[in-house]
Amino acid sequence: MTGKGRQFGEVILKVENISLAFGGVKALTDISFDVREHEIRAIIGPNGAGKSSMLNVINGVYHPQHGRVTYRGETRHAMEPHHAAAMGIARTFQSLALFKGMSVLDNLLAGRNLMIRSNIFLQALRVGPALREEVHHRKRVEEIIDFLEIQHVRKTPVGRLPYGLQKRVDLGRALAAEPKVLLLDEPMAGMNVEEKQDMCRFILDVNDEFGTTIVLIEHDMGVVMDLSDRVAVLDYGKLIGDGTPDEVRSNQAVIDAYLGVKH
Amino acid sequence: MATAAASGDTFPKLLLAHARTRGDQPAIREKDLGIWQTWTWSGVATEVRLLAAGLASRGFTRGMHLAVIGDNRPRLYFAQLATQSLGGIPVPFYQDAPAPEMVYVFQNAEIEIAIVEDQEQADKLFEILPQCPKLRHIFYDDPRGFRHYDRQELASYESLRAEGEAWARDHPDFLDKAVEQGKGSDTAIMLYTSGTTGNPKGVVLSCDNLILTSRGYAELEGLRDDEEVLAYLPMAWIGQNLFSYAQWLVMGFRINCPESAETVITDMREIGPTYYFAPPRVLEALLTQVTIRMEDAGSVKRWLYRHFMGVARHVGARILDGQPVSAMDRLHYALGGIFIYGPLRNTLGMSRIRVAYTAGEAIGPDLFVFYRSLGINLKQIYGQTETCVMVCVQPNGHVKPDTVGPPMKGVEIRLLDNGEIVLRSPGLFVEYHQNEEATREAKDAEGWYHTGDAGYFDADGHLKIIDRAKDVGKLQDGTLFAPKYLENKLKFFAAIKEAVAFGDGRPEVTAMINIDMQAVGDWAERRGIAYSGYQDLAAKPQVYELVRECVEKVNADLAADPKLSGSQIHRFVVLHKELDADDGELTRTRKVRRRYIAEKYEPVVHALYSDMDHCWVEAQMRFEDGRTGTVRAQLAVREAKAFPPQAARQAA
């Protein structure tokens, strides 16, 4: 069920001529690609190719030395994390970003932090508008819990869950912010086959049901080719291929870099 | 609260009666988005009216079958009621049945309309659609994932309900008329039983069957209209239909649908059912969870738990049965109630249970007594789909763990010469759908139903089920030999995984035993017994000693039973490999194929019936990757002590 014949919208996110260096180490060199609304866009590449750096540039954790990021028509030299979050970019992390001692429910509620309007005193007293708002947020979070099928661990502290489920909660935490663009950093790392299948289904469902645009980094080639509409391939910080899974699969530079070359 | 059940001879009539007389009372709840949503009786009646109208507008009429597929969801209950309102017959399916297994039922029952829970179930139906040409409409409850489906057969439950709303406006009193036409002898439901061979058989149950059975149970247990019941077992199972559907409508109590299969334990704790039904595997899973959590607890709590569970084992069940117990013991037990039993019952969601039933398979005495000793009135019942699970039930105050109690009111039981139980009861099924031959085989001309189970009545008139009738044999001297009964007794020990008993036409009973790798492995580790693998462990003299103790306990038990004292196990071997379905030794549902095993392990059986103390065995074995290999091993044959019938009590 890939995106064959699927309809995409306008370009929602565009990076142009991005170069990023840490001292003498060139993490990214002159990278340009775009992401269209509603598509699932994958960034792949061998270890150290600069995939995570690319995500970090998109949501403003890293500031590139050169280049521009255009998001929903606004062009910036560099994003700032709080801008990115406020403008509807959410992400999950390879090494999870959850409060281990808090319940799944509270973690997801924390994911809606930016949307809470009432002030801290009203919240503390749980009166009037604050209470109404809390009910609203709780309802949205419950919908996500239902969507990700994690009802059975709703009140379990995240630290006690198996890794695969924690990954799912991390996705839920990102979804709670109702993002336009969702950045997923290796959503399937460290999972067994069944957990991977579940995660694939959830990613497709998020894309389908909420219309969320998804940019994902993944190692598992099978998963990437099945899931994505378009794939960008990085190697040593350079963009060496960009196109549909079929195009990328038959691109010689990609084959050499990713699958190895005969000497 | 009133205890009067509503009157009516069909389920829709019962529903309308509840809606008329106590319409504002809660009828069904479902946990959705973390909150319990409630439908009152009049709310249910409205839903059923609209859905029935929708079905009628699609041409569904009296006598037609309708498939209901999914977990326990209120809307699927409404679907059953709507079907019955129109005089149709709901056919619930096991929600985890693979698509190919559904084909036969769709063809056999000529089903045209299916109401399913979600995309998963709808996908299965699309898979089999080419083989089921009659199937015209599929309605789904949960819209998730259906966005891109473009199939003319498919529509949502909501759209059907909306069609019904329009149709009902033009036919204002259609439902009352349709319901009025129904009578008790109408077919209420059809449940398919999975035979071990051949196609499943559709058991046709009438309204009278289910309603009389429900009333029988209600009268026996003094059920009321304020019971809380958790509806969590498959809708295609007779137990679920009787206790959460038929009895729900007869008594007018409340049923509660859990959020998902994984949340049952939490949901049960929130609801606190007063009336509960669980097959042994569910009870076992709960006990395992408790045991594991206790192992993780601090040492004080662990000590308290061990101490008071000891007290409970000693006196708990006797207090529950109202037997004389010394004041000191009562005090001790009451103290345990404060520290352990009360909190534990609460954790299990069993604080409010007045009656709990278990059935479906044999339950281990330890497991059974665990719950009873906590003060939970757990009882075994005996019955089949064909009898609406109404044959025997253990009476309050007189529960004997190894029997299923005396026959219920209205049930006549006879025992044939080979020990087979035959019976007549008000709950007895009408027929197998379009299968006269099978019906004749199961139900003779005078209406006696042949259960296929063998059993006998003990001195108190309680029925004891021992085996399938066809497996029951006789020793050379004519003593009754029931292999499954012995095997079950052995398997109730944690150390024993499988057992095969021999004895038909032989002078005495012997057994082949499989140890449980995990349990025995742990046991060996704790004692510092080194072993290299399954075969090595199974051959250890200490393990033989452990197994011998188990066998002798079984023998001591058997000696106390006048009918079975002759079938004590005299010699046994511990097998060097696990019996496995891949090697053809077990069926896929893990039942032993005793004839095949007797042939395959002929040298072992020979050794068991000679005076040899060991034998060589060579067995083909299939590895996980599909290759086969041969395992050769020397097995020791050991004797176990048998007890004279009267000495049994002291030995045990």
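Let's start inside chain A. Here 20 residues of domain 1 of chain A are in contact (heavy atoms within 4.5 Å) with twelve residues of domain 2 of chain A. A word on the source: this is a predicted model, where local features need pLDDT of at least 70 and side-chain atom pairs count only at pLDDT 80 or more, while totals for chains, interfaces and linings use all residues. Residues are numbered from 1 along each chain as its sequence is written, chains are lettered from A and ligands numbered from 1 in the order in which they are written, and side-chain values use heavy atoms, with hydrogens and water left out.

Where are the domains? Domain 1 of chain A is 1–88 + 180–263, and domain 2 is 101–178. These bounds come from an automatic or database domain assignment. Taken over C-alpha atoms, the two centres are 27 Å apart.

Now the area. Domain 1 and domain 2 of chain A bury about 1,200 Å² between them, and carbon and sulfur atoms carry 74% of it. Buried area is the accessible area (1.4 Å probe) that two parts lose on being put together, summed over both. Three residues stand out: L182(A), F202(A) and F210(A) supply 36% of what domain 1 buries against domain 2, more than any other three residues.

Next, charges. The rule finds two salt bridges across this domain interface. A salt bridge is a side-chain nitrogen of Lys or Arg within 4 Å of a carboxyl oxygen of Asp or Glu. D198(A) forms a salt bridge with R168(A), and their closest N and O atoms are 3.6 Å apart.

How many residues does each chain give to the contact? Chain A gives twelve and chain B gives eleven. The area buried between the chains is about 1,100 Å², with 42% from carbon and sulfur atoms. H152(A), D208(A) and E209(A) supply 42% of the area that chain A buries against chain B, more than any other three residues.

How many salt bridges cross between chain A and chain B? The rule finds five. D208(A) forms a salt bridge with R147(B), with the closest N and O atoms 4.0 Å apart. What kinds of residue make up the side of chain A that touches chain B? They divide into two nonpolar, two polar and eight charged. Here Ala, Val, Leu, Ile, Met, Phe, Trp, Tyr, Cys and Pro count as nonpolar, Asp, Glu, Lys and Arg as charged, and the others, Gly among them, as polar.
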